[in-house]
2 protein chains.
Amino acid sequence: MTEPRLIYLPLGGAGEIGMNMYVYGYGESGRERLIVVDAGVTFSDDSSTPGVELITADFSWLIQRRRQVEAIFVTHGHLDHVGALEFVCDELQVPIYLRSLTAEIAISNIRRSDDFTHFFRIADPYPSVCAAGPFSVSFLPVAHSIPEAAGLVIETPVGKIIHSGDFRLDVSPVIGEAFDEELWREASDGEVLALACDSTNALNRAAGLSESVVGPNLQQLFKRCSGTVFATTFASNIARLYQISAAAGQCGRKIVLLGRAMTTLVEAAASANFLDRLPNEISLADARQLPRNSLVVIATGSQGEERAAMARLASGRKFKGLAARAGDTVLYSSRTIPGNETRVAATLNAFSRLGVETIVDPKDRYHVSGHPNQPDLSQMHRLVEPELVIPLHGEHIHLAGHAKLAEENGFEALVASNGEIVDVLAGTILRGESIAPRRCYLDGRIFSSSGKFLKTRLGMARNGVVFVVVRMDKRGRNLQDVTVSQAGLPLDDSESFNRQLASDCLDVVGTERLRRASRSNAYSKRILGFTRDYCRENIGKVPIIRVVTIRG
Amino acid sequence: MTEPRLIYLPLGGAGEIGMNMYVYGYGESGRERLIVVDAGVTFSDDSSTPGVELITADFSWLIQRRRQVEAIFVTHGHLDHVGALEFVCDELQVPIYLRSLTAEIAISNIRRSDDFTHFFRIADPYPSVCAAGPFSVSFLPVAHSIPEAAGLVIETPVGKIIHSGDFRLDVSPVIGEAFDEELWREASDGEVLALACDSTNALNRAAGLSESVVGPNLQQLFKRCSGTVFATTFASNIARLYQISAAAGQCGRKIVLLGRAMTTLVEAAASANFLDRLPNEISLADARQLPRNSLVVIATGSQGEERAAMARLASGRKFKGLAARAGDTVLYSSRTIPGNETRVAATLNAFSRLGVETIVDPKDRYHVSGHPNQPDLSQMHRLVEPELVIPLHGEHIHLAGHAKLAEENGFEALVASNGEIVDVLAGTILRGESIAPRRCYLDGRIFSSSGKFLKTRLGMARNGVVFVVVRMDKRGRNLQDVTVSQAGLPLDDSESFNRQLASDCLDVVGTERLRRASRSNAYSKRILGFTRDYCRENIGKVPIIRVVTIRG
């Protein structure tokens with residue numbers, strides 16, 4: 001019998017912002033009992049993952065070990081932590097520990113699955129403990145840009161791990177629990193083997209700000225606006241919604257929510273007993289009757305989403321009876337997630353063309369980040385005093401920057417990327433056991449992939465696609481005729497291109513005598529090569545080519 | 001005979017950053033004599049313009065009036081001002097006025113055309129004048145992030161226009177001409193009808209910085225680096241290349257240029273007599289022999305370009321005999337152009353995984369912008385004292401922000417977007433004459449387009465493509481058989497999908513009796529509809545579908 005060990009394996013989130021999924025295991029090598037922390041998604045974009053609905057970490061490793069998995073723990077309700085829960089639960093069928101608001105959001109977000117809420121176990125905060133095999137886990141409340149966020153205190157037979165979750169050291173977060181240094185100190189008491197810690201802002205040297213700094217600035221802004229204000233932020237940022245609503249009221253305005261996610265999240269907050277309702281909120285029907293300068297519309301679409309309320313309004317047309325006009329103001333009380341810059345800019349420019357004033361946050365005036373900057377991370381390192389800092393949640397530059405900072409603070413640090421298994425007690429990566437990081441894609445169905453299918457899609461988008469239909473005689477010996485069709489090619493006259501390529505195929509390849517056993521295959525290969533050369537010569541690029549052979 | 005008028009028409013650049021092309025005209029309505037200012041490109045991206053090599057403003061309006069065009073003036077050598085010159089010149093065949101370095105860059109950048117340098121007229125700076133029909137144009141030197149940038153003083157029969165070009169109010173630009181306030185004051189003397197002025201940084205409230213602030217910071221950085229430094233910036237930023245080289249020398253390092261654009265631009269600068277060579281430059285062969293800590297590599301690829309030197313180095317493999325290793329430092333002495341964030345991040349993360357320290361400019365330490373911020377624009381407004389400020393070069397939010405600033409400064413301002421014709425004396429947009437803005441795409445050939453072909457490409461990328469081959473009998477009456485092929489669909493087993501769809505088509509549509517005159521067409525439409533429904537039901541999305549009918 002081998003010595004039991006304590007392992008950590010990031011499946012997603014250690015190499016990107018989003019798509020969080022981490023595994024801890026304790027036991028004999030290969031027989032560890034496992035817990036999963038978070039099951040998040042990331043979003044697709046047309047430049048790398050066109051047509052994909054959602055992306056999650058590849059959890060095949062867990063599926064192969066499903067009998068070893070004890071439970072899933074979810075730190076908070078952001079979709080990059082909770083959005084893949086239904087898919088993971090569908091495979092693992094284990095208890096899911098989470099807090100009330102997180103549960104409400106998980107339910108509202110179900111896309112494919114039947115109801116799986118019978119797996120839910122609503123967790124009370126620290127010092128309450130959830131038992132999962134050899135692990136005892138507590139939800140340690142922390143401030144973040146969503147209420148009921150929590151770090152996890154993971155007690156194991158060999159010592160304690162603190163998993164920070166996403167957090168901000170905010171002592172006045174407006175809505176939700178403040179960061180309670182004493183509570184964190186108490187929970188970190190004794191030996192902490194490792195602090196697995198948020199890294200998204202690890203390259204930012206300024207101290208993080210409190211949510212509460214935003215309110216007075218919003219009030220000041222609303223005072224000087226003459227028309228309707230259209231404000232957008234993440235719907236899950238309940239404190240921000242509250243502050244926008246309160247500032248509106250202080251300026252004699254009412255607020256109305258626009259977009260499904262807004263109403264869903266406010267309802268979820270109400271179900272979780274966080275918020276009865278937003279102050280100064282009125283119905284859409286009432287909002288339509290109000291003078292333009294008496295209204296703040298809180299709308300979905302801070303990331304430039306094509307179908308969200310902000311993009312609809314930016315078109316200049318009415319959306320649910322409301323419209324943006326010259327003299328109105330648009331406020332992005334949000335950060336643009338990397339990759340969304342172009343479409344956010346498109347929305348802003350569309351508003352600008354309508355004569356609407358557009359305000360995007362100039363440095364922490366109308367938006368503050370929910371994540372810890374360098375001084376905040378340093379404070380956390382010193383508070384927890386771990387034997388090892390394991391940076392998580394971030395691109396590699398963030399993880400590396402966090403590790404460097406921890407080392408400067410006098411702590412050992414270890415960067416483990418997605419798929420790398422860490423022996424926590426030894427503080428080393430188990431290279432031999434590490435797995436190649438893949439992703440799961442939701443596109444019709446959910447499937448694990450190296451992403452090769454995306455190369456085909458991007459290849460078609462860049463170079464077009466040509467289909468060549470080759471009709472052989474009944475015995476498959478002689479080529480009878482060729483028909484060409486295509487899409488996405490830069491052609492002036494596509495009909496004549498189709499005809500010319502087909503006739504050249506027939507003239508050149510059709511008259512060749514191919515001596516292969518299977519002439520049909522041989523012709524097909526020759527047609528492929530001929531088409532490739534023809535396209536390179538005539539349109540300067542090589543499309544995706546499919547040759548279809550039929551007989552008769 | 002109608003009164004002659006003075007018009008301004010932005011074809012590109014007034015609605016985006018990049019793709020600059022502006023027209024001025026003087027004469028009777030519809031018979032104006034025209035000059036073109038700049039002929040620039042913008043670059044494609046996979047999320048909106050996959051497969052396109054280059055994008056320019058649509059210059060059909062000029063082609064239709066080619067006999068009215070007197071000349072083209074190019075303000076400076078950046079590709080968003082000079083990159084489309086060959087295509088425009090090919091159609092217009094008129095003299096091109098430009099300064100030496102701009103000419104060298106234009107020549108080095110020819111992609112498709114034969115040599116068109118016989119159209120070049122090398123312009124001397126102000127007060128030298130180039131005559132073009134009713135216009136007399138002077139090149140007024142100004143500082144920018146490339147040497148030999150110039151504003152244009154455009155004298156017309158009814159008064160003067162100042163066209164700023166891209167500029168920075170830099171009195172110590174290290175290489176190239178400093179901003180000479182007295183010279184600009186002199187050139188603006190008397191009545192200025194309009195100041196058509198750079199807007200890219202019009203939302204930035206800080207004062208612009210001089211190129212010279214970067215040098216000492218670079219020196220400080222290089223001193224603390226232990227391995228090789230890989231620095232990247234725009235190759236045309238000759239002053240930056242010079243400062244990196246000088247700072248390297250001050251730290252006992254040599255520099256080597258890596259990537260074609262770097263050597264091309266330094267050669268162009270030498271041909272234009274700007275720079276003999278960079279200080280401390282050595283050959284690649286010598287660089288390979290040098291200790292790692294004695295070298296600064298200046299490499300192409302600051303925008304994350306896949307094939308540029310930085311991306312090659314980030315792979316960890318040798319490129320031209322040089323490789324990045326743990327302990328080296330990567331410096332982006334540049335700004336990431338919006339839209340390129342994701343691929344720049346990918347390169348940075350790849351370097352980070354190699355153990356290389358990555359430094360991206362934290363706020364004007366290792367990079368300064370070449371464009372005017374708000375205080376600089378205000379200074380320019382007051383210096384030129386125009387009757388009208390026409391913001392150009394920028395997205396709509398930048399143009400609108402610039403107009404607002406001009407009005408706050410007490411000047412009239414008019415936002416004209418691409419395709420909108422301005423009557424300069426009246427200070428109004430001639431709505432009835434304005435044209436719908438389109439773009440020209442270089443993709444094999446260059447063509448003007450509304451962009452519909454891009455929808456097909458993105459549609460294929462998102463939803464895949466299905467080709468259905470329908471074989472009718474010889475008389476086109478009865479459906480004989482159906483063959484399916486596809487690409488880009490999210491299929492587990494594509495063979496069985498193809499077979500099933502084909503057989504269902506045959507079973508359902510093949511047995512229907514269609515009573516149309518042309519049965520072949522009717523079958524084709526039914527197959528299209530059937531395939532659409534089949535895909536929606538079975539894979540949850542509707543691909544691009546092409547039905548090919550053959551007979552026999």
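# Briefing on a predicted two-chain model

In this predicted model, helix 12 of chain B has buried residues that are covered by, among others, strand 12 (159-163), helix 5 (181-187), strand 13 (192-198), strand 19 (389-392) and helix 13 (396-408) of chain B. Eight of the eleven residues of helix 12 (residues 374-384) are buried, so the rest of the structure largely encloses this helix.

**Enclosed helices in chain B**

- Which residues of helix 12 of chain B are buried? They are Gln374(B), Asp376(B), Leu377(B), Ser378(B), Met380(B), His381(B), Leu383(B) and Val384(B).
- Helix 4 of chain B (residues 100-108) has its own set of buried residues, namely Leu101(B), Thr102(B), Ala103(B), Ile105(B) and Ala106(B).
- The cover over those buried residues of helix 4 includes helix 2 (79-82), helix 3 (85-92), strand 7 (96-98), strand 8 (120-122) and helix 8 (260-271), which belong to chain B.

**Chain A as a whole**

- Chain A contains 16 helices and 27 strands.
- Along the principal axes, its C-alpha atoms fill a box of roughly 85 × 75 × 45 Å.
- Of the 552 residues in chain A, 59% are buried.
- If you look at contacts in chain A with a separation of 6 or more, 70% of them are between residues 24 or more positions apart.
- Chain A exposes about 21,800 Å², and 45% of that area is supplied by carbon and sulfur atoms.
- The side chains of chain A include 60 positive and 63 negative ones, and the centres of these two sets are 12 Å apart.

**Charged patches on the surface of chain A**

- A patch of negative charge on the surface brings together Glu191(A), Glu387(A), Glu407(A), Glu408(A) and Glu412(A).
- Is Glu408(A) buried or exposed? Glu408(A) counts as exposed because its relative accessibility is 59%, and the cut-off for exposed is over 50%.
- A patch of positive charge on the surface gathers Arg288(A), Arg307(A), Arg312(A), Arg317(A), Lys318(A), Lys320(A) and Arg325(A).
- One of these, Arg307(A), is in the loop between strand 16 (295-299) and helix 10 (309-314) of chain A. Arg307(A) counts as exposed, with 72% relative accessibility.
- Another member of the positive patch, Lys320(A), lies in the loop between helix 10 and strand 17 (329-332) of chain A. Lys320(A) is partly exposed, with a relative accessible area of 48%.

- Val192(A) lies in strand 13 (residues 192-198) of chain A, and with a relative accessible area of 1% it is buried.
- What does Val192(A) touch, leaving aside residues up to four places away in sequence? Its partners are Lys160(A), Ile162(A), Val384(A), Glu385(A), Pro386(A) and Glu387(A). One of these partners, Glu387(A), also belongs to the negative patch.
- Val192(A) and His396(A) are 204 residues apart in sequence, and their C-alpha atoms are 25 Å apart in space.

**Backbone details to look for**

- As background, most residues other than glycine have a negative phi, and most peptide bonds are trans.
- Lys320(A) is a residue other than glycine with a positive phi, near 55°.
- Asn280(B), also not a glycine, has a positive phi near 65°. Asn280(B) lies in the loop between helix 8 and helix 9 (284-289) of chain B, where it counts as partly exposed at 28% relative accessibility.
- In chain A, Tyr126(A) and Pro127(A) are joined by a cis peptide bond with omega of about 10°. Pro127(A) is in the loop between strand 8 (120-122) and strand 9 (130-132) of chain A.
- In chain B, a cis peptide bond joins Tyr126(B) and Pro127(B), with omega of about 10°. You will find Pro127(B) in the loop between strand 8 and strand 9 (130-132) of chain B.

Definitions and conventions: Residues are numbered from 1 along each chain as its sequence is written. Chains are lettered from A and ligands numbered from 1 in the order in which they are written. This is a predicted model: local features need pLDDT of at least 70, side-chain atom pairs count only at pLDDT 80 or more; totals for chains, interfaces and linings use all residues. Side-chain values use heavy atoms; hydrogens and water are left out. Patches are made of residues with over 30% relative accessible area and no salt bridge: like charges are joined within 9 Å, nonpolar side chains (Val, Leu, Ile, Met, Phe, Trp, Tyr) within 5 Å. Accessible areas come from the Shrake-Rupley method with a 1.4 Å probe; for residues, only the protein chains shown count as cover. A salt bridge is a side-chain nitrogen of Lys or Arg within 4 Å of a carboxyl oxygen of Asp or Glu. Lys and Arg count as positive and Asp and Glu as negative; His and the chain ends are not counted. The place of a charge is taken as NZ of Lys, CZ of Arg, CG of Asp or CD of Glu. Buried means under 20% relative accessible area, exposed over 50%, partly exposed in between (1.4 Å probe, protein chains only). Helices (H or I, at least four residues) and strands (E, at least two) are DSSP runs, numbered from the N terminus. Contact means heavy atoms within 4.5 Å.
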